[in-house]
Amino acid sequence: MSEIIPESKVKHRRRRPAVSCTLCRKRKIRCNRDSPCSNCVRSRNQTCVYDASVQLPASHSPVSPSQLTVPPFQRGRSRSTSNLHSEQSPGNTGRANTLPFPSSNSPSSTRDADLESLRNQVRQLEEQLQHQGRSNNSQVEPLNQSIETTTSELAGTFHVQHESRPNDQPSRARLVHKARVFGQSHWSNGVIQFRDIFHAIDPVLRQRPSKATANLNKCKSLAKFIQTQMLPSWPTTFSSTSLPERGLADRLVHCYLETIETVYRILHIPTFQEEYEGIWSLGYNNDLEQDGAIQIQIKLVLAIGAVSYDESFSLRTSALQWVYEAQAWASEPDLKLQINIRYIQNSILLLLARELVGVGGDLVWVSAGSLVRTAMYIGLHRDPSRLPNRSFLDSEMHRRLWNTIIEVSLSASMSSGGPVLISLSDFDTPPPGNFDDEQLSIPTIHSGGHQQRPLPKAEGDWTETSLAIAFRQTFPLRLAIAKILNDLSSTGTYQETLKLDSELRATYKVLCQTLQKCRESSYSSNKGRRGPSQFASNWVDFQMHRYLAALHSPFFGPALKETAYAFSRKVVVETSLKIWRAVYPGPSSPPQPATGIQITMANNNEAVRQSVAASSQGDVNFLERLAICGSGYIRTVPLLAAAAIAAELRTQLQEESTSLGSVSVRPDLLAVVHDARAWRLKCLSAGELNVKTFMLASLIAAQIDGLIQGLGKESLTMFLVEAAEKTGAEALEVFEATAARFLHSGYPGGTLRGMDSDVAGVNGGDAGAAVGALYFDDVSLSGGGHANSSAGTSVDFMEGWDFMVSAQLVIVACFLSIVTHSVLLPPQRVIYLALTSNTNSIKYQKQYLVADQA
C-alpha cells in the first residue's frame with residue numbers, strides 16, 4: 001500500500017514564461033516569435049499578439065496598425081489565466097509587466113488578471129506604434145531626380161531639375177538659376193518649355209558673328225549705366241526736402257488710394273489725410289525721431305502712387321529715392337525697439353513699394369517672412385479681444401493689418417516659388433469688420449459703464465473694407481494651392497488638384513455674387529455711395545485666375561502630349577486669356593467706369609483738379625499701367641499667361657503640320673502672342689532693364705509665325721536668328737534713348753553722378769555724342785584727342801578725369817570696353833582701375849599708368 005503524501009509537501013513544477021503568440025499556443029505549434037509570426041502570416045491572422053512578458057527580438061520587423069488589433073478577451077477563464085501565469089525572468093527583475101500566479105480561482109482575482117492583461121497589451125501596442133512611427137520618419141522615400149543643364153548665348157546658363165512623382169503622377173520641373181531654386185509657382189518654370197528655341201539658334205550664333213549677341217551685350221552695358229544713374233547711393237541719407245511740389249504729390253496720393261489701398265487695407269485714411277495736410281501746412285520737423293515715421297509713410301505712398309501715375313513711369317528715379325530712404329530708416333537698429341502699428345504699416349508699404357518699383361526682386365519673399373514674424377512679435381496674429389488695452393480703432397487696425405500681412409506673404413510665396421511659412425493654425429485673428437474709416441474715428445460712447453461701439457455695416461453695404469473682407473473668404477483655398485505647389489512634402493496628385501479646382505470655383509462664384517450685391521446696393525441707395533471700382537473688380541478677377549492657372553500649371557506640360565490631363569490644358573489656356581485681357585485690353589477696350597475710394601485734399605491747382613477728375617471718370621486703366629510700369633507678380637503673371645497661350649498655339653500647329661488641309665488657329669490666341677511682344681517693348685520704354693524677357697517674347701512670336709508659314713527646320717532657325725537680331729536692335733534703340741535722357745538732363749543738378757559734364761559732352765547739348773562717349777568710340781574728351789590709344793595718354797591728362805574717380809562708372813566703362821573693343825585703356829587696365837579706384841584720390845591709377853608707360 002502506497003504512502004499518501006500530504007498535498008502541502010507536493011513539489012509543483014515552475015511554469016515557464018510563455019514566448020509564443022496566443023494563436024500558436026492555442027494550436028500547440030512552434031512559433032518563430034516574429035511579429036507577425038510565420039504561422040499567423042500563412043493563416044492570414046490579423047491578431048498576432050504576445051503576452052506583455054514576451055520580449056520580442058530587437059530585429060523584428062515593423063508592423064502596420066492593422067496588425068496591432070487587440071483580440072477579444074472573452075475566451076474563457078482557463079485560457080485567460082493560462083496566458084497570464086508567468087514569472088519574471090532574471091533579465092526583467094523589477095519590471096511590473098507580469099502577474100504572479102494566482103493562488104485561487106476566485107472571481108475577483110480573475111477580474112484583476114484580465115484587467116492587468118488589458119493594460120499590458122495596451123502598453124505593448126503603444127510601444128509598437130511608437131517604433132512604427134520612428135521607422136516611418138527615418139525612411140523617407142527618395143524621388144528619382146535628373147538635372148538638365150542648358151547654356152546658350154542669349155539665355156545664359158540654367159539648370160532644370162526633374163523630379164518623378166509617386167502614383168504615376170507626371171514629373172515636375174524646377175528651375176535653378178544663379179544659385180537660386182525656384183518653386184513650382186515661379187514664372188520661370190512656365191517658360192522653360194521654350195528652351196528648344198535657344199537650342200536651335202545657339203549653334204548658328206556660335207558659328208558666325210551675329211548682331212543679336214552684340215546688341216544684347218550692348219543693351220546689358222547700357223542697362224548697367226542707366227541703373228547706376230537711377231539708383232541712389234547707399235546708405236541713403238534721409239532728406240526732408242525730397243518731396244515733390246504739392247500738386248504732383250496730391251496726384252500721387254490719389255493714385256495710391258485708387259489702387260493699392262483699395263485692395264490692401266493699410267492706412268486709416270482720415271488719420272493719414274490729417275497728417276498729410278500737417279506736413280504741408282506746418283512744414284517738416286527736422287527731428288527724425290519725432291515725425292520721421294510720418295514722413296517715411298508719406299514717401300512710400302508717393303512711391304507706390306508713382307507706378308500708376310503715367311504709362312512711362314517718369315517718376316521712377318524719385319520713387320527709387322523714396323524707397324531707399326525708407327529702407328535706410330527701417331534699417332536703423334534703434335527703431336526696431338519701437339515696433340508699433342505705424343512701424344508695421346510702414347513695413348507693409350515698404351514691401352509693396354519694393355515689389356512694384358523693382359527693388360529686391362524675388363528677395364521680397366524673404367522680407368515678407370520677417371514681416372510676419374515682426375507682426376507676431378507684437379501679437380497681431382492673436383484675436384485683439386484677447387489682448388489688453390486695445391481701443392476700438394487699434395483693434396480694427398489690428399485686424400486689417402494682419403489680414404494684409406497674410407495676403408502679402410501668400411502673394412510673395414507664389415511669386416518667388418518659396419514655401420508658405422504660415423498656416424491657418426498659426427493665428428486666430430478674425431477678418432476685419434465692415435466699417436467705413438470714418439466710423440473708426442467716432443469716439444466710444446459709454447452708457448451705464450459699458451462701451452457702445454459703432455456697429456458694422458451689413459454684408460451688402462459697400463465700405464472701403466468690403467473687398468478685403470470678401471477676398472479673405474478665399475484665403476484658405478489659395479493657401480492650400482500655394483502649399484500644394486511649393487511645399488517640399490506635397491504629393492500634388494491630380495485628384496487633389498481637381499478637388500481644389502471645384503472648391504475654388506465655388507468660392508469665386510460666391511465672391512462675385514457678394515461684390516455684385518454691393519454694387520447693386522450702392523446704385524439703389526440714395527446716399528451717393530459707390531460700389532467696387534473697376535480696378536477692384538479687375539484685380540479680383542486677375543488674382544483668382546492667377547491661382548486657378550497656377551493650380552493646373554504642373555499638369556499643363558504633360559497635357560500637351562497626353563489626353564489624361566486635357567481638363568488642365570483647357571483651364572490654363574482659358575484662364576491665361578482672361579488674365580491677359582485684364583492687363584492688356586488693347587486699343588479697342590471700352591472706357592472704364594468710375595473708380596472707388598476717393599480722398600478730398602486741399603488743392604488750388606486747377607490743372608491738378610482736372611487730372612484727378614479725368615482719372616475719376618474712368619479714363620485711366622490702373623491695372624494696365626501697373627502691368628507696364630510695375631514689377632513683381634503684376635508683370636510676371638501676364639508674361640506666364642502669354643507663354644501658356646503660345647505653348648498651346650505651338651502644339652496645335654505642330655499637330656496640324658501633318659495634315660493636308662490649311663492650318664487654322666484661334667485669332668484671339670494669336671493676337672496675344674503678338675501683343676505680348678508689344679507689351680514687353682512698352683515695359684522697356686517705361687524703364688524696365690531686363691531685355692531677356694523682350695527677347696523671349698519676340699522669339700516665341702517668331703516661332704509661331706514660322707510654323708504658320710510652314711517653314712522647315714533650317715529655314716525656321718534662320719528666321720529665329722533674324723528675329724533675334726531685329727529684337728536686339730529695337731531694344732538697343734530704347735536703351736540708347738533712355739541713356740541720352742540722362743546725359744541730356746543730367747543727374748543730379750545737371751551732371752551725371754561722378755562724371756564731369758564736359759567729359760560727357762553734355763554742355764554742347766549733343767545727347768547722341770554723349771551716348772557715343774559711353775562706348776568710348778572715337779569721341780573727343782575735354783579736348784584731349786581721340787580715345788583710341790592708351791600709350792599716348794599722359795599722367796597729367798589723367799588728372800582731369802574726375803569721372804574715373806567713381807568706382808561705379810569705371811565698372812560701367814569695363815563692361816562697355818569689352819563690348820566695343822575701342823577704349824581709352826585695354827580691358828585689363830580698366831578692370832584694374834575698377835578694382836583700385838578710390839573716391840578721394842587717383843594715386844593708384846597714376847602709379848599704374850606710370851608703370852605701364854615705363
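This is a predicted model: local features need pLDDT of at least 70, side-chain atom pairs count only at pLDDT 80 or more; totals for chains, interfaces and linings use all residues.
**Entry 1: salt bridges, overall**

I searched the whole structure for salt bridges and got 21. I then looked up individual pairs.

**Entry 2: Glu 245 and Arg 251**

I checked the distance for this pair. The closest N and O atoms of Glu 245 and Arg 251 are 4.0 Å apart, and the pair is listed as a salt bridge. Next I asked how accessible each partner is. Glu 245 has 45% relative accessibility, so I noted this residue as partly exposed. Arg 251 comes out at 18%. The cut-off for buried is under 20%, so Arg 251 counts as buried.

**Entry 3: Asp 428 and Arg 382**

Here the closest N and O atoms are 3.2 Å apart, in a salt bridge between Asp 428 and Arg 382. Which parts of the chain does this pair tie together? I placed Asp 428 in the loop between helix H15 (392-416) and helix H16 (437-440). Arg 382 sits in the loop between helix H14 (364-377) and H15. The pair therefore links parts that are 46 residues apart in sequence. Asp 428 has a relative accessible area of 31% and is partly exposed. Arg 382, with 33%, is partly exposed.

I found a salt bridge between the side chains of Asp 668 and Arg 666, at 2.8 Å from N to O. Asp 668 is partly exposed at 27% relative accessibility. Arg 666 is partly exposed too, with a relative accessible area of 28%. I then looked for shared partners.

**Entry 4: helix H6**

I turned to H6, which covers residues 195-207 and has 13 residues. From first C-alpha to last, H6 reaches 19 Å. That is close to the 18 Å expected at 1.5 Å a residue. Where does H6 bend? I located a bend of about 35° at Ile 201. A proline, Pro 203, follows within four residues. I also listed buried residues in H6: Arg 195, Ile 197, Phe 198, Ile 201, Asp 202, Val 204 and Leu 205.

**Entry 5: a nonpolar patch**

Leu 115, Leu 118 and Val 122 make a nonpolar patch of about 220 Å². I traced Leu 115 to helix H4 (residues 107-138). Leu 115 has 40% relative accessibility and counts as partly exposed.

How values were computed: Residues are numbered from 1 along each chain as its sequence is written. Side-chain values use heavy atoms; hydrogens and water are left out. Buried means under 20% relative accessible area, exposed over 50%, partly exposed in between (1.4 Å probe, protein chains only). Helices (H or I, at least four residues) and strands (E, at least two) are DSSP runs, numbered from the N terminus. The expected span of a helix is 1.5 Å times one less than its number of residues. The bend at a residue is the angle between axes fitted to the seven residues ending there and the seven starting there. Patches are made of residues with over 30% relative accessible area and no salt bridge: like charges are joined within 9 Å, nonpolar side chains (Val, Leu, Ile, Met, Phe, Trp, Tyr) within 5 Å. Accessible areas come from the Shrake-Rupley method with a 1.4 Å probe; for residues, only the protein chains shown count as cover.
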